[in-house]
Amino acid sequence: MLIAPSLLSCDFSNFKGEIERMDNSGADIMHLDVMDGHFVPNITFGAPVVKEIRKCTKKPFDVHLMISQPDRYIDDFCKAGADIISFHTEADSDIEKTLSLIEKSGVKPALAIKPNTPADVVYKYLDRLYMVLVMTVEPGFGGQSFMENMMPKVEAIKEEINRRNLKTLIEVDGGIKDTTIKKAYDSGVDICVAGTAVFKAEDAKLEISKLKALCK
Ligand code: DX5
Ligand code: ZN
């Protein structure tokens with residue numbers, strides 16, 4: 001299992017230090033939550049911030065766009081140093097067009113789906129996707145409870161990926177901690193985002209290794 005700490009739960013007054021702390025704690029990927037106050041009822045940061053924090057680590061940047069018009073900003077986030085870009089199928093942008101923009105920049109494309117969106121919405125695009133992000137909370141805020149009822153959706157997507165012999169990864173986001181990660185693992189998840197669990201832990205390194213050890 002790969003662990004992607006969500007910087008939404010970090011100490012924003014010490015962005016650099018927090019990224020370095022994760023870098024030294026065995027994080028595999030940095031998960032960056034971009035919110036526009038329109039697609040979700042919260043606002044975080046944009047491409048200029050991503051560009052600055054890109055200098056703090058060599059770890060892959062997984063940019064999760066919770067914004068209404070992702071197509072308008074793909075170029076900015078690619079240039080800012082994103083390695084993976086997820087955008088929501090529920091956003092207003094044309095999915096084909098937005099995927100093409102990401103592909104053209106050489107960044108890995110991913111589609112994200114909210115809890116009420118069915119699995120089959122992503123099937124049509126699976127062969128073009130590096131990853132599918134299945135939300136296990138309503139997007140917008142950290143610290144919410146894991147929706148275990150999303151696991152059949154994860155299993156269905158995994159089955160479709162395997163049936164078609166694809167390499168597309170599955171990521172879940174929201175409520176991942178020591179009591180929930182095994183459920184994600186058993187359902188076929190490859191990458192777990194973890195915000196509160198990792199950043200609020202006394203020892204982030206210990207927490208990440210504990211989460212990984214629970215996946216067997
Ligand atoms: C929610 C974000 C998540 C969130 C996860 O909209 O996409 O990445 O920060 O936080 P936890 O792990 O605390 O649920
Ligand atoms: Zn996220």
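Which residues coordinate the zinc ion (ligand 2)? Select the ion and see: His 31 (NE2), Asp 33 (OD), His 64 (ND1) and Asp 173 (OD) coordinate the zinc ion at 2.0 to 2.3 Å. Donors here are N, O and S atoms within 2.8 Å of the metal (3.2 Å for Na, K and Ca), and water is not among the atoms, so sites may look incomplete.

Before moving on, please note that this is a predicted model, in which local features need pLDDT of at least 70, side-chain atom pairs count only at pLDDT 80 or more, and totals for chains, interfaces and linings use all residues. Residues are numbered from 1 along each chain as its sequence is written, chains are lettered from A and ligands numbered from 1 in the order in which they are written, and side-chain values use heavy atoms, with hydrogens and water left out.

**Stop 1: around the zinc ion**

Stay on ligand 2 and turn the view. The arrangement is octahedral because the six donor atoms subtend angles of 69 to 169°. Six donors count as octahedral if opposite donors are over 155 degrees apart and all others between 65 and 115. For six octahedral donors, ideal angles at a metal are 90 or 180 degrees.

Along the sequence, the donor residues follow the spacing H-x1-D-x30-H-x108-D. Asp 33 sits in strand β2 (residues 30-35) and His 64 in strand β3 (residues 61-66), so this pair ties together parts that are 31 residues apart in sequence. Strands are DSSP runs (E, at least two residues) and helices are DSSP runs too (H or I, at least four), numbered from the N terminus.

**Stop 2: Asp 33**

Now select Asp 33. Is Asp 33 buried or exposed? Asp 33 is buried, with a relative accessible area of 3%; buried means under 20%, exposed over 50%, and partly exposed in between (1.4 Å probe, protein chains only). His 64 is also buried, at 0% relative accessibility.

The side chains of Asp 33 and His 64 make a polar contact at 3.1 Å. Such a contact is a pair of N or O atoms within 3.5 Å; within protein, one must be able to donate a hydrogen and the other to accept it, and residues adjacent in sequence count only if both atoms are side-chain atoms. Beyond its neighbours within four places in sequence, Asp 33 is in contact (heavy atoms within 4.5 Å) with residues including Ser 6, Leu 8, Thr 44 and Phe 45.

**Stop 3: ligand 1**

Next, select ligand 1. It is surrounded by 20 residues, the closest being Asp 33, Gly 140, Asp 173, Gly 195 and Thr 196; a residue is near a molecule if one of its heavy atoms lies within 4 Å of it.

- A polar side-chain atom of Asp 33 is 2.8 Å from an oxygen atom of ligand 1.
- A side-chain N or O atom of Asp 173 is 2.7 Å from an oxygen atom of ligand 1.
- A backbone N or O atom of Gly 195 is 2.7 Å from an oxygen atom of ligand 1.

On its own, ligand 1 has 390 Å² of accessible area (Shrake-Rupley method, 1.4 Å probe), and the protein covers 99% of this.

**Stop 4**

Select Ile 19, in helix α1 (residues 15-23). Ile 19 is buried at 0% relative accessibility, and touches Leu 7, Met 30, Ile 53, Cys 56 and Thr 57, leaving out residues up to four places away in sequence.

Thr 89 is in the loop between β4 (84-88) and α4 (95-104), and is buried at 14% relative accessibility.

Finish at Glu 159, in helix α5 (residues 151-163). Glu 159 is exposed, with a relative accessible area of 60%.

Conventions. Tetrahedral: all angles 85-135°; square planar, octahedral: opposite > 155°, others 65-115°.
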